[in-house]
Amino acid sequence: MPRFGMVIDTRKCVGCQDCVVACQAENDVPHGYCRDWITTEVRGTFPQLSMEIRTERCNHCDNPPCVSCCPTGASHVEDFGRTVQVTANKCIGCKACIAACPYDARYVHPKGYVDKCTFCLHRVKDALDPACVSVCPTHCMYFGDLDDAKSVINGLLRTRKHHTLLPEAGTKPRIFYLT
Ligand code: SF4
Ligand code: SF4
Ligand code: SF4
């Protein structure tokens, strides 16, 4: 069984928001909410400054606190791809998972359940890339199996410098940012 992850090349991301718009359309994300978003981070001191532009979403963590805190089992690890998912009709909207996620990756859907990035499993099951990955005009996102040593994402992780977000949180995120 694969263990899905993403590698995102921050050198290629131009912050155009196409991934955000594609996700909203693909997944019927209600107006005013989003499953992915753009962050910019400036590093260094003047005049030695650099800016990283990142497209962010749920990290489908290997050690997800949003799953362990969920009282109903709505938040769970799906067998297919070992991804973190929410079963809407099991969710009571208690927001424990929102408090537990250090990445602010979840929101309460107007219908009362918690929603977040699914890694577009409905597309991946049809051998398609997630919507955000497929529309990126600079091809800065790569989706694949972290347990396949020959996958494109593992090749990138072997050859390029990379980091994850808030590694100190102990969540073991599965989205890696190339620098
Ligand atoms: Fe859970 Fe947040 Fe990790 Fe996603 S990023 S698996 S919502 S802790
Ligand atoms: Fe579980 Fe829903 Fe509560 Fe989140 S809001 S912890 S998914 S029951
Ligand atoms: Fe949205 Fe799918 Fe991309 Fe997740 S993988 S951010 S659900 S388009």
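Author: About 90 Å³ of space lies in the largest cavity, where a cavity is a set of points, on a 1 Å grid over the protein atoms alone, at which a 1.4 Å probe fits but cannot get out. The volume is the space filled by probe spheres set on the points, with grid points joined across faces, edges and corners. Lining this cavity are 15 residues, and Cys70, Ser75, Cys91, Cys94 and Cys97 are the closest to its centre; a lining residue has an atom within 4 Å of a point. The lining is made up of 10 nonpolar, 3 polar and 2 charged residues, with Ala, Val, Leu, Ile, Met, Phe, Trp, Tyr, Cys and Pro counted as nonpolar, Asp, Glu, Lys and Arg as charged, and the others, Gly among them, as polar. By this rule there are 4 cavities of 30 Å³ or more.

This is a predicted model, in which local features need pLDDT of at least 70 and side-chain atom pairs count only at pLDDT 80 or more, while totals for chains, interfaces and linings use all residues. Residues are numbered from 1 along each chain as its sequence is written, chains are lettered from A and ligands numbered from 1 in the order in which they are written, and side-chain values use heavy atoms, with hydrogens and water left out.

From the cavity we can turn to the pocket, which is an open set of points with protein on both sides within 12 Å along at least five of seven lines. The largest pocket holds about 150 Å³ of space, and of the 13 residues that line this pocket, Gln85, Val86, Asp115, Lys116 and Thr118 are the closest to its centre. Two or more lining residues come from each of β5 (84-86), β7 (114-115) and α4 (121-124), where helices (H or I, at least four residues) and strands (E, at least two) are DSSP runs numbered from the N terminus. Strand β5 gives the most, with 3 residues, and by class the pocket lining has 8 nonpolar, 3 polar and 2 charged residues.

Lys116, one of the residues closest to the centre of the pocket, is also among the residues around ligand 1, which include Cys58, His60, Cys61, Cys66, Val84 and Cys101; a residue counts here if one of its heavy atoms lies within 4 Å of the ligand. That shell has 8 nonpolar, 2 polar and 2 charged residues. Around ligand 3 there are 13 residues, of which Cys23, Arg57, Cys117, Cys120 and Cys132 come nearest, and its shell has 8 nonpolar, 2 polar and 3 charged residues.

The aromatic rings come next. The structure holds 4 aromatic pairs, a pair being two rings of Phe, Tyr or Trp (its six-membered ring) with centres within 6.5 Å, called stacked if the planes are under 30 degrees apart, edge-to-face if over 60, and tilted otherwise. The rings of Phe4 and Phe80 have centres 5.2 Å apart and planes at 85 degrees, so they form an edge-to-face pair. Because Phe4 lies in strand β1 (residues 4-9) and Phe80 in the loop between β4 (75-77) and β5, this pair ties together parts that are 76 residues apart in sequence. Phe4 is buried, with a relative accessible area of 7%, whereas Phe80 is partly exposed at 23%; buried means under 20%, exposed over 50%, and partly exposed in between (1.4 Å probe, protein chains only).

Most residues other than glycine have a negative phi, and most peptide bonds are trans. Phe119, although not a glycine, has a positive phi of about 60 degrees, and Gln17 likewise has a positive phi, of about 75 degrees. Gln17 lies in the loop between β1 and α1 (18-26) and is partly exposed at 37%. As for the peptide bonds, a cis bond with omega about 5 degrees joins Phe46 and Pro47, and Pro47 is in the loop between β2 (36-45) and β3 (48-57).
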